[in-house]
Amino acid sequence: MSSTAKFFVGGAVVVAVIAALIATSFSGSTSDYLKVAEVKALGPDQTRDSRVSGAIVADSVEWSTRDMHLTFEIEDDTGQLAISYHGPQPDMLVDAVEAVAIGRYDPEAEVFEAGELLMKCPSKYEAEE
Amino acid sequence: MVLADIGYGTLVLTMAVGLWAAFAALVGAARRRPEMVASARNALFVTAGLSTLASAILLVLLFTHEFQVRYVYEHVSTYLAAPYVLSAYWAGLEGSQLLWLWMLAVASAVLLLRPPTWDRELRPYAMVVLGVTQAFFALLLVTLTNPFELLPTVPAEGISLNPLLQNFWMIIHPPIIFAAYALWTIPFAYAFAALVTGRLDATWLVGSRRWTLAAWASLGIGILVGAWWAYLELGWGGYWGWDPVENSSLIPWLVGTAFVHSAIIQQRRDMFRGWNVFLVSITFVLTVFATFVTRSGLIQSVHAFAQSPIGYYYLGYMLVILAAVAGLMLARRRDLEGEGQLGDLLSREFVFLLTNLLFLGSAAAVLLGTLWPTFTEAVRNVPTSLGPENYNRFMGPLGLILVVLIGVCPLVDWRHIDAERLLRSMWVQAAVAVATAAVLLLLGVGELWAIISFAVVAFVAATILLQFAQGAAARMRTTGENPFTALARAIGKNRRRYGGQIIHFSILLIVAGITGSQAYQTEVQVALAQGEEVEVGPYRLAYEDYTYRRIEDEGNKVLNQAVVGVYRGDSLVATMRPERNLHSNVQGAVSEVALRSNLKEDLYVVLSSMESDGLAAFQVLITPLVVWLWIGGVVLLVGTLIAAWPPRREGR
Amino acid sequence: MTIVVLLILFILATAAVAYPLLSRQASTASAPAVTDRDIERALRRLRDADPSTAPAPAGDLHCPACAHPYVAGDRFCVKCGADLPAGPIAAPSPVALACPACGAPLRAGDVFCSKCGHRLAAGEEV
């Protein structure tokens, strides 16, 4: 086999391996962005996290320092959703700010148990938006 | 507002003069009319002057609090400290693009100040790219993102800078990143010129090498400074979250790194001619893409495209560049064939190719991940997001293979090496790696992947140190110098090689820092009343006191500060003061982390909330080795300076 | 006021851009065709071609790629950088010049180091 051919075969194998690695990494624990109504329609057997975002409803934020437990409600154009979160209080937790909650919905308690919270505004750089 | 109008007029002029520069350079080069090229050169000096003037005007407006200017109103206030007023210049999309333009214009002027030498034929075509790119950014500023736009009324007070951006590292991070983006334009401009003229030998690579190194190093250091800022200011104990803004600066760095390496191959073996042109063009396009992502926020949703036409401008510009490069490459496909022949699979050529593919593969994957929500939304209407674990799953293995290659590459000969000889040449390093892994296992350090990572780092570090030792020893034998002189002279005699090795070493420090901090972080979340204590790792943290104070002159900031004594055994090792302050301008609370850093580990204390009776919730993290990331950044800078420093004997 | 300032800027810019087109000097100031580097290169080519300064052929060993003579123990051809067949190791000749990369001794005219294949930079070439 000529060295050029060897190079191409070797290169192709490497590319295939990298592509396979990336493909397996991308499947799995990705999470879908859902609307509030879609979250509420979820059953108890969710296999992966969902991601839901909405504006924080005025005066709904309740924080217990002792338990480090946060509850609030968000709303989008499809309804309102109660969020529960254990952990440090995120920065910029303000009424009307867009919050992103990542976690699973508990249909029994009608509460979205968030493992992670992100505040969208202000974004990392821009004050407006 | 006279000043703002002048600023706007300056930008319009910049756009016109930039276009003229591109046109005159093109005509001058194609028709061999040196007076046209001279006119283009002057035009690029004029754009440098004009964009400097525009920047100066924006700064004057910011510092004099001219709130009628929208950009000033949105980013400063009367109580904002002076250094942050300076950084407000690049805090928004408008200012960032002006900074890009200004940095590129200044870099172009610096380039053109020197009389042409090796680039006599190429320079006019490079000036076309410089002129067009400057005109593009001026066009954006003039049409869509005018930093001098006026409000109908004059507000009494400004919104002020986002408190998260009020941090020293956020003052210097954007200029470094944008300098890097602007600097990448220059190697691309020369690649374009090489394509047009057909002079595709290594001349353009050698000639623009220092610009490439400057661009590459500032991008890497800019990314690290951004990570350091995120670590200090965002208060979650991490420094990298794989968010689109971070990714967008990493992608051009990855492709640029591939380019820096394959450029070496072309210089040594005259291979990869077309590949190099392709890589540097992609890097440049990705820096434009990054600017667009960073400041527009459009990447999160396809719907945002409909709201502002700015996305189409950027997309259009990127497509024009890609089309031009692709067309020229097709036309020049004969000249793109180098003379070098491929070697064996066990050869340095193939190792370099492997490195290239790995860098390009990881860049493609990060790009795909960044665009994933946009794609999935477009395809099935529900955006799907990737978490850090998705990224880590491919970046971990790919990164480790790349690090292994750093250690293997210097041992592999050009063209061909016997497998047996290669294995024999690395037994010392292999022994060091095995010993490292054994010691870590004996110490009872868990996490298999982290042990593998440390062993790999040890393997590569041994290779690099052996090379320094061999270089010094050889000089000692031939010249009889003492070890230190011999080492210094060996480095001085071959700065490119040893500078590169120092850069590789800095990558090892960074990898060690990433491994330690990712694998062994300890986190405790606890609510404490005044006087209570908590044990975290080897430390005992006592919540001793708290302060609650309204600070009027900083725009009604309310300061909440906890005083935490840190004990080891019975001795006090530090007093830490984490804060969580309410900023009335954003009506929210922002944490200021308290950090105690040493070479072994960082103790990181966040005050996550505080009640009026002093009851406070803390998040305490112990992160090992994280400081080596920043040390690695400094070493990287040193290595680049050594590699790029002009040799003494070069008569240029 | 605004108009006046912008007009001045416009005139200055136009003047700077138009000056080279109007002045005759620019068209005559054409570039010298030959650079120092070109001269250096030509000299080197001559020097390499001149049998009196070329390294003396040692034995019957010749590079398989370019037929340039080499001495036993060399791993790379000093002329073209190609791999050389392995042979018995010879003692290095007594010279003071050393490869900056690996410290191996160099001979006059070398462009590549014979031991590590390092390409000698312009200043290092001997």
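Begin by selecting the contact between the two chains, to which chain A contributes 39 residues and chain B 52 residues; two residues are in contact if their C-beta atoms, placed from the backbone, lie within 7 Å. On the side of chain A that touches chain B, the elements giving two or more residues are helix 1 (3-26) and strand 1 (31-34) of chain A. Helix 1 of chain A gives the most, with 13 residues. Helices (H or I, at least four residues) and strands (E, at least two) are DSSP runs, numbered from the N terminus.

This is a predicted model, in which local features need pLDDT of at least 70 and side-chain atom pairs count only at pLDDT 80 or more, while totals for chains, interfaces and linings use all residues. Residues are numbered from 1 along each chain as its sequence is written, and chains are lettered from A and ligands numbered from 1 in the order in which they are written.

Next, select strand 1 of chain A together with strand 1 (residues 384-385) of chain B: two bridges join these antiparallel strands. Here A:Asp32 stands opposite B:Thr384.

Now display chain A as a whole. Chain A holds two helices and seven strands, in the order α-β-α-β-β-β-β-β-β from the N terminus. Of its 129 residues, 28% count as buried, that is, with 20 or more other C-beta atoms, placed from the backbone, within 10 Å of their own.

Finally, move to helix 6 (residues 123-143) of chain B, which has 21 residues. Of these, 18 are buried, so helix 6 of chain B is largely enclosed by the rest of the structure.

Definitions and conventions. Expected span 1.5 Å × (residues − 1). Buried ≥ 20, exposed ≤ 12 C-beta atoms within 10 Å, placed from the backbone. Pairing = 2+ DSSP bridges.
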